[in-house]
Amino acid sequence: MIEFRHVSKRYPDGTSAVEDFSVVIPSRETTVLVGSSGCGKTTLLRMINRMVDPSSGSVAIDGEDVAHVDPVRLRRRIGYVMQNSGLLPHRKVIDNIATVPMLNGVPRAQARARALELMDTVGLDRSLADRYPAQLSGGQQQRVGVARGLAVDPNILLMDEPFGAVDPIVRADLQRELLRLQRDLGKTVVFVTHDIDEAFLLGHQVVILQKGGVVAQRGTPREILARPANEFVASFIGADRGKRALRVARADGVDVVVDGDGRPAGVLVGTEEDAAAGGPGS
Amino acid sequence: MNYFVGAIRWVLDPAHYPGPNGIPVRMAEQLWYTALTLVIACAIAIPIGYAIGHTGRGRAVAVSVTGGVRALPTLGVLTLVALWTGIGLQAPIVSFVVLAIPSILAGAYAGFEAVDRNVVDAARAVGMTGWQVLARVEVPLGLPLLIGGIRAAALQVVATATLAAYVGSGGLGGYLFAGLQTRDYEQMLAGALLVVVLALVLEGLFALVQRLVVPRGVVAQRGNVRTRPSRSRPVMGDPIEEGK
Ligand SMILES: Nc1ncnc2c1ncn2[C@@H]1O[C@H](COP(=O)(O)OP(=O)(O)OP(=O)(O)O)[C@@H](O)[C@H]1O
Ligand SMILES: [Mg+2]
């Protein structure tokens, strides 16, 4: 469990990035921080691994204030996937992935073997292991970033717009991969995005932020969709534009779901009671 | 043109090879002064340059001090130090070190500053200590500019090392001063030619070193446009072109 307690951050140049932010992030679930550019998402995320220290308030992991933990030790047990992949340009893919385990004293051969496994996990061909980051596509680099984040088998995984630089198809692929990973490995994932669809797809809990880190609404995707807390949320999730107000229409004997403008959004195959299955975003 | 042919003939004359005043010995002396100077200058300038580049502090001081030092005429420094230490190797080496330090210092801190700030940030974020960031990220990624700085210094020193003869030490400068005294211009020009040959050899050597020590990923990256600028401060002092 990660707890933000009345956290504020004012940067030395006077920018007030976050003010009095309090949120609890439950363990073994995905919490998504979503909001438009500059609202303080990265700042909040980096407070968890002490890349940013709050000006006031505190951040606690399982009840322990991170301010009392040595930052180097803290960072080595938290996976962090950066907004730009943040790979070391002079190291091969495999060595980038093995960086943190080797810092932790894992023998090189063992760390590299594990790195190869992680490449499978994130869907990277092993033949790319000996390439340098500059020789990879943006999407491949981001996968390497994810693999590096997973390399120490961290309980907590921080992901800052990790799929920003890839096309929609690869992106959907990576999102599916992350859903699977989270389900199988039960990590506490804190995910940052400005894409509300991505937030609803991945998040057990979604925190919608306004400028200055003000929480506009917090809840499950369903709760937010069902009852947007205010105008801002309604407009942010697109409810006001009719994008999410779906209706059922009958066409050729099939129930088709259409949006506010009458454009088809999908096919109705039954109710959830029939399917008796669910999950985040389903 | 006649002088030129004469100088080449002088260089090729077998009589000028044996003995302590022969071409091989003189060239070896010249190289030895250059190498010794570079080692000492590196030992002084690289730690300081790295400290400046890593912490981002003290840069303004370094720029103005090295700027001032660059303006010192080497012959003046040499004479001054020689008045103190007398005839011998100390005075020339001290003045050559003074000549070499600015380029190497600038190469060291400019190399660190050229490292993408996002990469340094990422290295810290995955849990590297300050020393690990320095040794595993900044040093390897800063090498191209550092070597460029050493290369520039080496060329300056190998040419200027002729001044060692001015205070009675050896080196190729011996031919220049002897030639000047006896109006043997062919000998003077021959000495200069030999210096040029040494400079070219050093150039080749540094090109080779650069290829060997610069991390391969950095080379691979060169063709790409950097997504974000590195630290945005303008690079002052002498521009270093090599290895950019
Ligand atoms: N190092 C810094 N110094 C000064 N101001 C900063 C610094 N880092 C961020 N800020 C400011 O703090 C605010 C929040 O920045 P932050 O990076 O947290 O936004 P974000 O929500 O992650 O945005 P984006 O979606 O564009 O990544 C912005 O106004 C930004 O300009
Ligand atoms: Mg951000």
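The model is a predicted one. In chain A, a magnesium ion (ligand 2) is held by A:Thr42 and A:Gln83, and four strands form an open sheet with antiparallel pairing. Chain B comprises ten helices and zero strands. Over all chains, the structure holds 17 salt bridges.

**Magnesium site in chain A**

- The magnesium ion (ligand 2) is coordinated by OG1 of A:Thr42 and OE1 of A:Gln83, at 1.8 to 2.6 Å.
- A:Thr42 belongs to helix H1 (residues 41-48) of chain A, whereas A:Gln83 sits in the loop between strand S6 (78-81) and helix H3 (93-103), so the pair ties together parts that are 41 residues apart in sequence.

**Open sheet in chain A**

- The strand order in the sheet is S2-S1-S4-S5, and the pairing is antiparallel.
- Strand S2 (16-25) and strand S5 (64-65) of chain A are the edge strands, each of which pairs on one side only.
- Strand S1 (residues 2-10) and strand S4 (residues 56-61) of chain A run antiparallel and are joined by five bridges.
- Within this part of the sheet, A:Glu3 stands opposite A:Ala60 in S4(A).
- In general, strands of a sheet pair through backbone hydrogen bonds, either parallel or antiparallel.

**Salt bridges in chain A**

- A:Arg112 and A:Asp95 meet through their side chains in a salt bridge, with an N to O distance of 3.1 Å.
- This pair links distant parts of the chain, with A:Arg112 in helix H4 (residues 108-121) and A:Asp95 in helix H3 of chain A, 17 residues apart.
- The two partners fall into separate accessibility classes: A:Arg112 counts as partly exposed at 23% relative accessibility, while A:Asp95 is buried with a relative accessible area of 13%.
- A:Arg180 forms a salt bridge with A:Glu177, and the closest N and O atoms are 2.7 Å apart.
- A:Glu177 and A:Arg180 are three residues apart in helix H6 (residues 168-185) of chain A, so about one helical turn separates them.
- A:Arg180 also meets A:Asp184 in a salt bridge (3.2 Å, N to O).
- Here the residues are four apart in helix H6 of chain A, and A:Asp184 and A:Arg180 are therefore separated by about one helical turn.
- A:Arg180 itself is partly exposed, with a relative accessible area of 31%.
- A network of salt bridges links A:Arg143, A:Asp173 and A:Arg176.

**Fold and burial of chain B**

- From the N terminus on, the elements of chain B run α-α-α-α-α-α-α-α-α-α.
- Chain B has 244 residues, of which 48% count as buried.
- Among the contacts in chain B with a separation of 6 or more, 78% come from residues 24 or more positions apart.
- B:Thr162 lies in the loop between helix H7 (130-160) and helix H8 (173-182) of chain B.
- At 11% relative accessibility, B:Thr162 is classed as buried, because the cut-off for that class is under 20%.
- Leaving aside residues up to four places away in sequence, B:Thr162 touches B:Gln30, B:Leu172, B:Gly173, B:Leu176, B:Phe177 and B:Val195.

**Nonpolar surface patch in chain B**

- A nonpolar patch on the surface is formed by B:Leu208, B:Val209, B:Leu212 and B:Val213, which together have about 370 Å² of accessible area.
- One of these residues, B:Leu212, lies in helix H9 (residues 185-213) of chain B.
- B:Leu212 is exposed, with a relative accessible area of 69%.

**Residues with positive phi**

- Most residues other than glycine have a negative phi.
- A:His6, although not a glycine, has a positive phi of about 45 degrees.
- A:His6 is placed in strand S1 of chain A and counts as exposed at 52% relative accessibility.
- B:Arg183, likewise not a glycine, has a positive phi of about 55 degrees.
- B:Arg183 is found in the loop between H8 and H9 of chain B, and at 65% relative accessibility it counts as exposed.

Conventions:
Residues are numbered from 1 along each chain as its sequence is written. Chains are lettered from A and ligands numbered from 1 in the order in which they are written. This is a predicted model: local features need pLDDT of at least 70, side-chain atom pairs count only at pLDDT 80 or more; totals for chains, interfaces and linings use all residues. Side-chain values use heavy atoms; hydrogens and water are left out. Patches are made of residues with over 30% relative accessible area and no salt bridge: like charges are joined within 9 Å, nonpolar side chains (Val, Leu, Ile, Met, Phe, Trp, Tyr) within 5 Å. Accessible areas come from the Shrake-Rupley method with a 1.4 Å probe; for residues, only the protein chains shown count as cover. A salt bridge is a side-chain nitrogen of Lys or Arg within 4 Å of a carboxyl oxygen of Asp or Glu. Helices (H or I, at least four residues) and strands (E, at least two) are DSSP runs, numbered from the N terminus. Buried means under 20% relative accessible area, exposed over 50%, partly exposed in between (1.4 Å probe, protein chains only). Donors are N, O and S atoms within 2.8 Å of the metal (3.2 Å for Na, K and Ca); water is not among the atoms, so sites may look incomplete. Two strands pair if DSSP finds at least two bridges between them. Contact means heavy atoms within 4.5 Å.
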